[in-house]
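Please keep the sequence and the model open as you read.

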Amino acid sequence: MKKQLIAGNWKMNGSLAANEALLKDLLAGLNAPVCQIAVCVPAVYLTQCQKQLAGSAIDVGAQDVSAHESGAFTGENSAAMLKDLGVRYAIVGHSERRQYHAETDAVVAVKAQRALAAGITPIVCVGETLQEREAGKTEEVVKRQLAAVIHLNGHCISEIVVAYEPVWAIGTGKTASPEQAQAVHALLRAQLQAATSHADRIQIVYGGSMNAANAAQLLAQPDIDGGLVGGASLKAPDFLTIIAAAQ
Ligand code: PGA
């Protein structure tokens with residue numbers, strides 16, 4: 001059976017001292033985890049985290065990757081550079097990147113392609129805004145976002161992780177109910193099934209105010225294969241509780 005994946009998304013938080021303390025507490029508190037675990041950290045801290053987590057059950061991920069291979073793209077980090085640092089995952093298409101950095105579905109698809117080509121697993125985020133949900137457009141939006149990635153990466157689509165992150169649930173304390181999340185995950189699974197015979201082994205994780213109190217119920221849903229955890233991944237006891245709730 002495929003394992004669940006619990007990935008922390010630290011966003012733009014941390015410092016050398018705070019990261020060291022957080023990782024120390026996580027490593028000390030891990031109790032024979034049955035799931036896969038990752039922390040997606042700011043690029044400047046990838047080396048620090050990679051060193052501290054070497055040989056542990058926790059993998060390191062980036063929060064973004066350039067859509068370009070190399071060259072005159074000031075400020076960007078290529079997939080090859082991330083691979084060089086031992087990065088296993090890269091979040092692509094997070095709603096904050098779509099919103100504040102104008103990332104389109106097409107750009108997100110290319111980012112996923114760059115990651116895959118470098119041997120990095122892209123965690124492809126999809127999700128509707130509150131306005132889109134209220135207009136009955138959830139299915140249309142998430143399918144459009146995933147379709148762009150499938151279209152460009154169909155041959156290796158079973159190598160991606162999908163994160164369903166309803167925008168209205170991110171950082172707001174409003175979580176999708178387990179039933180609401182499961183319904184969207186089932187739609188995404190069906191879309192992947194149409195693209196690959198290996199859809200069942202693709203991890204579709206949920207993100208959006210997942211916390212120590214609600215994780216177990218969300219993770220018990222048949223098509224929820226883990227979590228992408230923002231705020232709660234910055235507190236070791238909370239993140240450890242979520243890890244313990246995973247299967
Ligand atoms: P949150 O963030 O858990 O703080 O809502 C999740 C995410 O944005 O990945």
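1. Is N214 buried or exposed? N214 is buried, with a relative accessible area of 13% (buried means under 20%, exposed over 50% and partly exposed in between, with a 1.4 Å probe and protein chains only). N214 sits in the loop between β7 (204-207) and α9 (215-219). Not counting residues up to four places away in sequence, N214 touches T175 and S209 (contact means heavy atoms within 4.5 Å).

2. A word on the basis: this is a predicted model, in which local features need pLDDT of at least 70 and side-chain atom pairs count only at pLDDT 80 or more, while totals for chains, interfaces and linings use all residues. Residues are numbered from 1 along each chain as its sequence is written, and side-chain values use heavy atoms, leaving out hydrogens and water.

3. Next, look at helix α5 (residues 105-117) and helix α7 (residues 138-153), which pack at an angle of about 45° with their axes 8 Å apart. (Helices are DSSP runs of H or I with at least four residues, strands are E runs of at least two, and both are numbered from the N terminus; axes are lines fitted to C-alpha atoms, for helices over the stretch in contact, and angles run from 0 to 180 degrees between N-to-C directions.)

4. On the α5 side, D105, V108, A109, V110, A112, Q113 and L116 meet R144, Q145, A148, V149, L152 and N153 of α7.

5. Finally, K111 lies in helix α5 and is buried, with a relative accessible area of 4%. Leaving aside neighbours within four places in sequence, K111 is in contact with D64, V65, S66, A67, V92, R97 and E103.
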